[in-house]
Amino acid sequence: MGLSKEWKSFYDTQDSSYNYENYMYEIHKGLDCSGYVGWSIYNTLETKSNHGNGYVLKAEEMTKTFANMKLGSYKDSIQNAKPGDIVSMANAHVYIVLAVCEDGSLLIAHSSPPGVKISGTYDQNGNSNSQAVGYAQKIMKTYYPDWYSRYPNCTVDSSFTEPSNVSLFHWNSKTLKDTDQLHSMSINQIIQTLFK
């Protein structure tokens with residue numbers, strides 16, 4: 001449970017030339033997208049190591065599988081996404097929604113080469129310079145400056161919200177309670193709550 005000390009050691013030996021393809025399937029060298037989401041869920045729902053369900057699955061199957069596990073509901077659309085929702089992409093990627101911006105862009109957490117980061121999607125009009133990208137850059141610069149200096153790109157491409165490419169998993173309140181009331185907060189309040 002928690003962070004592996006080996007991840008930090010590995011990170012300290014890397015620079016901006018890091019290529020994830022050289023380390024695929026080596027769990028002590030970090031997490032891929034489904035590993036990150038599964039690790040996050042395990043550390044949220046379970047209290048002991050080697051206990052409960054396994055949550056690391058194929059990225060494109062996570063939303064349906066979690067719904068089948070009765071942890072929440074599945075939707076084949078990301079309309080009405082909420083903080084904490086999981087989004088699976090048909091092209092084998094998965095991410096966690098942190099917030100929805102006024103322009104329809106999503107602030108997300110995911111592990112995409114070169115590793116775990118906060119990014120912003122395009123807005124609802126297809127603009128890459130979205131509110132979420134601005135928030136992601138500010139968060140990464142402020143809270144993760146070393147990571148941001150190595151990997152400053154906080155934008156993801158349009159496939160992250162393309163209707164034919166995404167499905168959404170929303171937690172039921174029995175499995176995961178919104179104790180901080182993130183679902184009713186503005187994006188600035190969400191950021192203050194998550195990064196205090």
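First, a term: buried means under 20% relative accessible area, exposed over 50%, partly exposed in between, with a 1.4 Å probe and protein chains only. Strands are DSSP runs of E, at least two residues; helices are runs of H or I, at least four; both are numbered from the N terminus. This is a predicted model, where local features need pLDDT of at least 70, side-chain atom pairs count only at pLDDT 80 or more, and totals for chains, interfaces and linings use all residues. Residues are numbered from 1 along each chain as its sequence is written, and side-chain values use heavy atoms, without hydrogens and water.

Start with strand 3, residues 93-100. Of its 8 residues, 7 are buried. Strand 2 (residues 86-89) pairs with strand 3 in the antiparallel sense, over 4 bridges. Pairing here requires at least two DSSP bridges. Strand 4 (residues 106-112) is also antiparallel to strand 3, joined by 4 bridges. Look at I96. Opposite I96 stands I86, and in strand 4 its bridge partner is A109.

Now the turns. Between strands 2 and 3 there are 3 residues, and A92 has a positive phi of about 65 degrees. The hairpin of strands 3 and 4 has 5 residues between them, with G104 at a positive phi of about 85 degrees.

Next, helix 1, residues 5-12. Which residues of helix 1 are buried? W7, F10 and Y11.
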